[in-house]
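Work through the two exercises below with the sequence and the structure open. Each has a task sentence and a stepwise solution.

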Amino acid sequence: MLARRIIPCLDVKDGRVVKGIGFVDLKDAGNPVEAARFYNDEGADAICFLDITASHEGRGTFFKVVEETSAEIFMPLTVGGGIRSPDDIRKSLLAGADKVSINTSAVENPDFIRDAARRFGIQCIVVAIDAKRKQGEKGWEVYTHGGRKPAGLDVLSWAKQMESFGAGEILLTSMDRDGTCEGYDLELTRSVADAVKIPVIASGGVGTLEHLYEGLTVGKADAVLAASIFHYRRHTIKEAKEYLIKKGVPIRPI
Amino acid sequence: MIAIIDYGMGNLRSVHNAFKKAGREAVITSDREAVSRASHLVLPGVGAFSECMDHLRSTGLIAPILEGIQRGKPFLGICLGFQLLFSKSEEFGEHQGLDVISGEVKKFPDGKLKVPHIGWNQVRFTGSCPVFKGIPSDAYFYFDHSYYAIPEKEGVTASWTDYGIKFTSSVWRDNLFACQFHPEKSQTSGLKLLENFGGLT
């Protein structure tokens with residue numbers, strides 16, 4: 001049976017992990033390669049690196065990080081942040097990434113997704129959607145530029161459009177919940193999961209193991225992405241997996 | 001020497017890295033001569049079926065690949081490199097494959113399950129295929145695909161995987177092995193498989 005995935009996500013700036021990781025047992029917790037290795041050993045099902053570097057030099061450092069990680073870690077690796085052209089995708093894949101996650105440039109030019117899916121295969125195109133509840137009406141709006149800019153698009157119709165353009169997966173982040181530790185926006189997650197046939201990765205708001213469980217069951221997500229719950233060692237991936245297995249969720253045991 | 005065949009499609013670096021980690025030396029090559037000389041052949045591949053076939057044709061690599069298989073060189077096809085071995089695929093219209101294994105490649109049926117089939121799924125062995133040595137049946141491997149292969153003769157199926165339907169997740173015939181899943185992305189089990197493959201003679 002296909003297992004639901006647990007994906008730790010690391011924010012990387014100028015080649016370093018930001019938001020600091022609370023591992024005491026790592027020599028250099030700011031080193032993304034070490035952090036990825038740590039999660040690999042812990043039983044993560046995939047790793048996600050989000051590049052939040054602004055500078056050109058930092059970009060080069062990021063690709064180096066991806067390269068070093070993929071030389072050591074034999075599990076799926078998704079990279080996101082600043083993917084704007086086919087060349088960015090090519091560079092990411094050549095560095096050893098399996099998938100790229102695209103947000104702002106998909107909104108600016110939806111055909112980019114169509115072309116990228118045709119050229120690189122839908123298996124490597126993840127469309128990231130930052131969603132925020134609309135004020136005074138039902139539904140959610142798409143945001144870009146790291147959540148700073150409303151795109152004037154409805155999340156559900158955007159998700160469907162991206163599916164038809166060749167997205168292989170949707171990485172769905174609730175901006176209302178992100179950083180709150182109150183749990184995923186389950187209504188949002190479920191609505192998108194029901195609207196599309198491609199897998200949906202839930203993100204934003206995890207604070208407890210129960211939140212992971214809810215995301216995969218009530219929220220109908222195919223995978224859960226989380227950062228601080230693992231980074232700050234509130235829980236290990238092993239604990240999360242044991243908890244979910246006990247609750248009857250199909251999970252790849254460690 | 002293990003030759004990882006580079007025909008311009010797919011993430012060859014991770015396959016190369018994984019062989020290295022598994023203690024097997026391999027080279028990435030697009031040179032016909034090098035492919036002919038190699039002791040083991042690996043055909044990876046991601047993307048669309050027809051595009052992969054086009055690239056294989058234009059690089060002139062089909063002949064040395066088929067010759068290698070015929071001569072009984074250990075051969076490993078991965079993901080699209082697995083699907084390409086079949087007679088035809090229905091991805092973006094009907095396209096001819098290498099026809100090393102009779103059968104066809106079809107899209108997962110519309111239904112309740114998500115397509116692509118992405119993630120870790122269990123692989124149940126049908127027999128004692130040598131590349132699975134030391135790996136327990138029902139081990140998890142990493143998959144990422146929307147199309148699946150249906151061999152004409154069930155005898156070539158080396159493993160089954162269940163995703164709404166039971167499908168052939170790998171095939172094995174003499175020294176030819178090919179899998180839909182990605183051993184290079186499947187941690188310990190995947191590395192063991194690559195190590196086993198490298199040890200075939």
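**Exercise 1: a helix of chain A**

Just after α10(A), Gly248(A) takes a positive phi of about 90°. This is a predicted model, in which local features need pLDDT of at least 70, side-chain atom pairs count only at pLDDT 80 or more, and totals for chains, interfaces and linings use all residues. Residues are numbered from 1 along each chain as written, chains are lettered from A in the order written, and side-chain values use heavy atoms, without hydrogens and water.

Task: find which residues of helix α10 (residues 237-246) of chain A are buried, and what covers them.

Step 1. Helices here are DSSP runs of H or I with at least four residues, strands runs of E with at least two, numbered from the N terminus. Buried means under 20% relative accessible area (1.4 Å probe, protein chains only).

Step 2. Ile237(A), Ala240(A), Lys241(A) and Leu244(A) are the buried residues of α10(A). Seen down the helix axis, they fall within an arc of 95° (taken from the directions from the axis to the C-beta atoms), so they line one face of α10(A).

Step 3. The cover over these residues includes β1 (5-13), α1 (32-42), α8 (209-216) and α9 (228-231) of chain A.

**Exercise 2: the interface**

Task: describe the contact between chain B and chain A.

Step 1. With contact meaning heavy atoms within 4.5 Å, 31 residues of chain B touch 38 residues of chain A.

Step 2. A salt bridge needs a side-chain nitrogen of Lys or Arg within 4 Å of a carboxyl oxygen of Asp or Glu. The rule finds three across this interface. Asp144(B) forms a salt bridge with Lys99(A), with the closest N and O atoms 2.7 Å apart.

Conventions
Buried means under 20% relative accessible area, exposed over 50%, partly exposed in between (1.4 Å probe, protein chains only).
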